[in-house]
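Colleague: I'm new to this one. Can you walk me through it?

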Amino acid sequence: MHRLLFFILLCRVLPATTQVPVPPTHPLEKAFSLDELQRRTFYFFWDLADVNAQIPDRWPTVQFSSIAATGFGLSSYLIGVERGWVTRQDAAERTLRTLNILKSLPQGDAIAGTTGYHGFFYHFLDHTNSHRYKDVELSTIDSGLLLAGILSAQTYFDGNNATEKAIRESADFIYRRVEWDWMLNQSDRLSMGWKPERGFLNAEWWGYNEAMILYILALGSPTHPIPESAWDAWTNSYYVDQFQGQEHLNFGPLFGHQYSHTWIDFKGISDPFNKKSGFDYFENSRRATISNRLYCIENPGKFKGYQQNVWGLTACDGPADWFSKYDPTSKCSTDRDRFKGYNARGVATDYAEDDGTIAPTAAGGSLPFAPEICLPALETMWQTYYDSLIGPYGFKDAFNPSFTACGQLPEGWFDTDYLGIDQGPILLMIENYRTGFLWNLMKRNPYIVKGLQKAGFDGGWLEHQPKSRLTAEYHTQRNEEIPQDPKPFFERHIYRESASSSLPYRLVTPSGMPHDFKPSLNPTDKLPLVIFLHGSGERGNNNEAQLSNGVLAFVEKENYQKNPCFIIAPQCPNDQRWCEVKRPEGPVFQPQPTEPMRLLIKVLEKTLVENPQIDPNRIYITGLSMGGFGTFDLVNRLPDLFAAAMPLCGGYDTSQSKNFQKIPFWILHGRRDDVVPPQWSLRMVNAMKTNKSTVKYTEYNTLGHSIWQETYYNPAVMEWIFSQKKQ
């Protein structure tokens with residue numbers, strides 16, 4: 001699972017408290033129309049703001065306010081004025097009160113009694129005093145969504161009266177107070193957050209996801225900006241692939257394709273990545289929306305309700321919460337593993353979270369991208385499920401016709417709550433579809449324009465914008481205290497031979513490593529290549545699990561400074577292997593490689609052609625468990641390629657040992673291994689010695705199958721492998 005999705009789930013798994021009904025005071029029309037949907041959704045924000053003018057995370061279950069929901073709420077007030085649902089004066093007074101409270105709330109590093117720190121805000125705030133709710137994190141993305149709403153209000157309220165002047169001044173103060181570079185690590189990436197109990201979270205923002213708005217706000221700051229190189233660090237970790245016939249930047253839940261677009265019109269403007277890829281971010285979101293719908297129509301999970309105009313997977317509530325409320329004794333246990341509560345549902349080439357739960361915000365938030373499929377979906381869901389899914393504030397958060405609670409819910413599960421961060425995209429993106437109001441408004445904000453220009457965007461509507469004259473008042477300082485997540489060092493790729501034949505892999509290149517990780521290198525310097533093969537437990541298609549055991553040791557700062565290199569880390573698909581193994585005989589050589597091994601050979605050939613800096617005399621391979629078998633197998637098939645091999649807890653067909661004479665091996669195993677018998681490694685060692693091969697053998701007396709940490713984090717191991725060179 002992507003790390004940001006983990007933190008979404010972490011922050012949502014909190015107990016519900018009281019139910020506080022707030023009956024709407026506005027009339028309700030049953031017939032579907034965008035007017036009616038927008039109007040009802042607007043009143044969620046207008047009616048439900050708490051005593052401190054902050055927007056609740058959800059309703060009617062009242063837990064805490066959400067700073068992101070407050071950001072959506074501030075922009076919603078502007079639409080209320082434009083649509084005539086509230087007066088400009090009332091909206092201005094509500095906005096100023098909201099901003100003044102945010103401006104005056106205490107900031108500091110105390111565990112309790114504060115609302116934020118270094119200008120950022122805590123994810124959730126207590127309804128009574130707007131201080132930090134329990135132990136939630138200081139959230140960069142939620143602060144960013146709040147600030148986007150604040151800047152929209154700053155731009156809209158441009159009058160000369162005292163209230164609107166005060167709005168602009170307070171908005172400017174709150175935005176300029178944020179110390180973006182305090183959250184910037186040495187890799188030029190923003191941290192996901194901070195907690196006073198333990199410091200910075202061990203997670204950072206790397207693309208592609210909803211955080212484009214966050215980086216643009218940070219780039220545009222006149223007080224504590226991040227450097228232009230941060231946008232390159234962001235886009236360097238992009239992942240383009242086809243899903244449901246749509247080639248696009250993949251990110252499973254649709255909210256990742258919507259949030260930044262709520263305030264910024266990306267249609268027709270391009271950064272360097274767009275110019276290279278041939279499509280802009282608006283088109284990317286359109287393709288993601290189409291692929292989400294096509295997946296639901298295909299419906300591989302055979303869930304009820306999915307159809308041409310009933311679809312939409314994104315982060316939302318789910319039916320599993322029903323168990324804790326209505327089935328504490330687990331009488332209905334059959335569905336507990338199949339269905340989930342709040343979860344980041346979505347689908348992509350490397351992501352699949354689908355339990356039959358549909359969220360109307362998926363189609364509502366994507367309306368400007370693909371109105372021809374989103375508008376019929378909204379209308380069909382409204383008309384089909386009106387009595388269960390529609391309430392005074394529009395669409396409730398989610399529904400699942402497949403979840404019947406062992407027959408107790410014959411029509412399926414329908415949420416009782418509305419969520420602010422899901423209501424916001426519905427309301428705001430409908431307006432962008434109808435009039436472009438919020439997009440056009442934000443085109444006038446100098447901070448947004450500057451952020452886009454610093455990120456390298458041009459073309460389209462930006463052509464009519466003068467180059468920003470805003471100058472930074474502060475020199476950027478990267479924060480050495482923030483941990484660097486090594487996974488973004490591994491660029492995501494997929495080798496696709498056909499629709500049914502592909503291999504995900506990660507690639508480390510010296511040019512993609514942080515500047516402080518690599519020594520001074522000349523363009524003509526030749527560097528080694530390491531191929532790392534994972535074990536059977538890391539199989540799949542998420543293109544991440546293969547980084548779980550051992551390979552991150554190669555990009556430890558001290559080690560990489562000493563041994564800069566290229567690294568290929570492929571991921572074997574489920575139910576397949578790097579090479580065939582028969583039990584109890586052990587590995588038996590097959591003339592034809594397995595499909596993953598065949599594709600890996602293609603990846604290796606492609607990488608060598610595209611990276612002439614790789615030293616052909618220093619190509620190494622290592623692997624653990626299933627990857628240990630694969631290490632032997634690939635060397636056997638390409639004996640003239642490698643300078644050294646290091647299989648862990650593996651083995652091979654001893655009849656092939658004559659092919660290993662030219663290559664130094666270091667074979668390692670755990671004596672107590674109860675998964676792969678140590679005898680399989682020993683048989684190969686003895687056979688190779690008989691054939692005069694150069695082979696070392698290490699057996700860990702007290703360890704079993706998991707010897708990865710002791711091996712790859714051993715300096716002697718790294719020194720051995722990188723000292724080998726083909727003669």
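Modeller: Here are a few local features, one at a time. This is a predicted model: local features need pLDDT of at least 70, side-chain atom pairs count only at pLDDT 80 or more, and totals for chains, interfaces and linings use all residues. Residues are numbered from 1 along each chain as its sequence is written, and side-chain values use heavy atoms, leaving out hydrogens and water.

Colleague: Why is helix H18 largely enclosed?

Modeller: Eight of the nine residues of H18 (residues 446-454) are buried, so the rest of the structure largely encloses the helix. Buried means under 20% relative accessible area (1.4 Å probe, protein chains only). Helices here are DSSP runs of H or I, at least four residues, and strands are E runs of at least two, numbered from the N terminus.

Colleague: What do those buried residues pack against?

Modeller: Helices H5 (140-156), H6 (162-177), H7 (212-219) and H17 (437-442). Among the buried residues are Tyr447 and Lys450.

Colleague: Which residue caps its N-terminal end?

Modeller: Asn445 caps H18, with a side-chain oxygen 3.0 Å from the backbone nitrogen of Tyr447. Gly456 follows the helix, with a positive phi near 95 degrees.

Colleague: New topic. Is Cys374 buried or exposed?

Modeller: Cys374 is buried, at 0% relative accessibility. Cys374 lies in helix H14 (residues 371-384).

Colleague: What is Cys374 in contact with, beyond four places in sequence?

Modeller: Thr289, Trp311, Ala363, Ser366 and Leu367. Contact means heavy atoms within 4.5 Å.

Colleague: And strands E30 and E31, how many bridges join them?

Modeller: Six bridges join E30 (residues 665-670) to E31 (residues 695-700), and the strands run parallel. In E31, Thr698 is the bridge partner of Leu668.

Note on methods: Buried < 20%, exposed > 50% of the residue type's maximum accessible area, 1.4 Å probe, protein only. Polar contact = N/O pair within 3.5 Å; in protein donor to acceptor, adjacent residues only side chain to side chain. Pairing = 2+ DSSP bridges.
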